There are 2 protein chains.
Amino acid sequence: MNKMQDLENCKNCNCKTSIFKSLSTEELEQINKGRYTVNYKAGEILFKQGTPSPHFVCLTKGLAKLYIEGYGKNLILSLVKPVDYIFGPGTYVDNRHYYSAAAVEDTTACLVDVNIFKQLVRENPDFAEEFICRVSRQAIFNFDQVVSLTQKQMPGRIADVLFYLRDKIYEKNPFEISISRQDLADLSGMSKESSIRILKELKDEGILRITGNTIEILNEKQLRQISQTG
Amino acid sequence: MNKMQDLENCKNCNCKTSIFKSLSTEELEQINKGRYTVNYKAGEILFKQGTPSPHFVCLTKGLAKLYIEGYGKNLILSLVKPVDYIFGPGTYVDNRHYYSAAAVEDTTACLVDVNIFKQLVRENPDFAEEFICRVSRQAIFNFDQVVSLTQKQMPGRIADVLFYLRDKIYEKNPFEISISRQDLADLSGMSKESSIRILKELKDEGILRITGNTIEILNEKQLRQISQTG
DNA sequence: TGTTTTGATTGATATATATCAATTTCCTGA
DNA sequence: TCAGGAAATTGATATATATCAATCAAAACA
């Protein structure tokens with residue numbers, strides 16, 4: 001275990017900026033007591049779909065992907081970066097994970113006993129409300145995603161993923177992706193060959209500049225157009 | 001307004017069997033006071049995607065569809081029957097509907113001021129927990145759906161929809177569907193022509209018996225197989 | 001009762017996308 | 001520095017699915 005990590009405390013952690021802002025010092029202390037820190041190398045699995053879900057996960061470093069293992073293929077639901085937490089729907093249903101999580105980059109996470117979390121939801125209405133807000137935003141995001149995946153053709157889906165990566169994950173342009181082409185395909189619901197081809201087409205049309213894993217959106221308006229058109 | 005409806009009271013309504021079971025008589029009374037009953041004819045719209053969402057809806061009679069209006073097509077998220085309630089993710093985010101709802105059959109619904117609901121979530125931890133459970137189950141359902149829609153081919157998707165209709169909506173076999181072929185297509189993410197063709201194929205293979213709007217699953221095992229295979 | 005309209009069905013065709021196979025590039029470890 | 005393996009790329013082909021157009025059945029209507 002990394003000593004630096006162990007010296008950290010929820011009280012001065014960035015996590016506080018998230019839903020934890022409604023917690024008192026004592027409540028944060030409760031979370032802190034039931035917390036432990038784990039490091040994952042890129043590629044390592046945080047948890048597998050179907051396994052019990054005894055804690056919720058707060059990402060403090062790196063990048064992880066949440067993905068459903070379907071029939072042969074994977075579907076990546078979202079990427080998670082610091083400071084964000086992973087809280088699956090199984091926690092309040094049957095205590096199972098309904099998706100898997102894997103580190104895309106070297107990643108550090110805090111694991112907190114789920115019962116402490118549930119207790120706080122019961123005791124602190126602000127926290128509960130904040131949590132419900134959070135789950136709701138997640139649901140809205142999923143709606144957009146399912147519409148994109150089921151109603152748009154490949155160029156539109158790739159466009160949506162590129163905007164997602166630029167605006168929500170890497171937050172710059174150009175951005176260097178740490179995910180593979182396969183991941184890109186799993187995010188947009190297509191084969192990796194197709195994702196590569198579409199990327200190449202967008203590059204040839206001058207909408208993107210691509211050098212290895214670095215992508216720059218050159219013509220935002222036209223890419224937006226492609227996203228709209230389907 | 002129907003007098004019968006007005007005489008009803010939340011205290012002896014079937015809704016109590018749902019998440020409302022954790023509410024006290026006084027709390028149910030609060031809901032009852034802020035409640036009004038509305039009747040919709042088949043085809044009428046309960047609310048439109050994008051409009052404000054000032055109340056949550058409890059279905060007491062009929063059948064409704066929840067659908068996202070996408071790019072040209074609709075995607076039906078789910079069907080709602082009595083006694084179930086409709087509570088969109090926008091309520092805790094920006095107070096907008098993220099999907100539309102329309103009556104499929106003649107439908108009666110209770111509308112309750114969303115602020116009363118939110119207040120109860122804050123005051124009654126059991127109710128809050130029950131509500132989160134509910135939202136979680138919804139999320140799990142959506143996961144299954146998105147996997148079906150993005151990873152299975154048409155016969156598998158139709159198979160999933162048929163099981164959904166038999167087990168969750170009509171709860172009998174054979175069942176007479178009150179939804180159109182277009183709705184069937186919107187549930188399974190394909191064109192209506194395709195949905196008709198797959199249905200016909202399943203009929204020709206002896207897996208289904210179809211007479212007009214009555215469908216009977218004859219060979220459950222084989223249909224399950226088709227759902228699995230994709 | 002006939003007429004009109006709507007939804008269901010079928011067939012022919014176009015097209016988006018997956019799959020398979022072959023290279024090529026890149027990265028890692030000895 | 002090289003060898004081996006993994007990932008990325010490209011091309012050829014097969015296939016699932018949408019689209020278009022026509023017909024048919026059924027329900028609403030006057």
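**Figure 1. The loop between α5 (154–170) and β9 (175–176) of chain A, where A:Pro174 has its place.** In this predicted model, A:Pro174 is joined to A:Asn173 by a cis peptide bond, for which omega is about 0 degrees. As background to both features, most peptide bonds are trans, and most residues other than glycine have a negative phi.

**Figure 2. A cis peptide bond between B:Pro82 and B:Val83.** The bond that joins B:Pro82 and B:Val83 has an omega of about -15 degrees. B:Val83 belongs to the loop that runs between β5 (74–80) and β6 (84–86) of chain B.

**Figure 3. B:Asn95, a residue with positive phi in the loop between β6 and β7 (100–103) of chain B.** Although B:Asn95 is not a glycine, its phi is positive, at about 60 degrees. With a relative accessible area of 30%, B:Asn95 is partly exposed, a class that lies between the limits of 20% and 50%.

**Figure 4. The interface of chain A and chain B, in which 36 residues of chain A are in contact with 36 residues of chain B.** Between them, the two chains bury about 3,600 Å², and carbon and sulfur atoms account for 72% of this area. Nine residue pairs in polar contact, both residues of each pair being at pLDDT 80 or more, are found across the interface of chain A and chain B. On the side of chain A that touches chain B, at least two residues each are supplied by β5 (74–80), α3 (114–123), α4 (125–151) and α8 (220–229) of chain A. Among these elements, α4(A) provides the largest share, with 18 residues of the side that touches chain B. Divided by class, this side of chain A comprises 21 nonpolar, nine polar and six charged residues.

**Figure 5. A salt bridge between the side chains of A:Arg122 and B:Asp126.** The N to O distance in the pair formed by A:Arg122 and B:Asp126 is 2.8 Å. Across the interface of chain A and chain B, four salt bridges are found in total.

Notes. Residues are numbered from 1 along each chain as its sequence is written. Chains are lettered from A and ligands numbered from 1 in the order in which they are written. This is a predicted model: local features need pLDDT of at least 70, side-chain atom pairs count only at pLDDT 80 or more; totals for chains, interfaces and linings use all residues. Side-chain values use heavy atoms; hydrogens and water are left out. Contact means heavy atoms within 4.5 Å. Buried area is the accessible area (1.4 Å probe) that two parts lose on being put together, summed over both. A polar contact is a pair of N or O atoms within 3.5 Å; within protein, one must be able to donate a hydrogen and the other to accept it, and residues adjacent in sequence count only if both atoms are side-chain atoms. Helices (H or I, at least four residues) and strands (E, at least two) are DSSP runs, numbered from the N terminus. Ala, Val, Leu, Ile, Met, Phe, Trp, Tyr, Cys and Pro count as nonpolar, Asp, Glu, Lys and Arg as charged, and the others, Gly among them, as polar. Buried means under 20% relative accessible area, exposed over 50%, partly exposed in between (1.4 Å probe, protein chains only).
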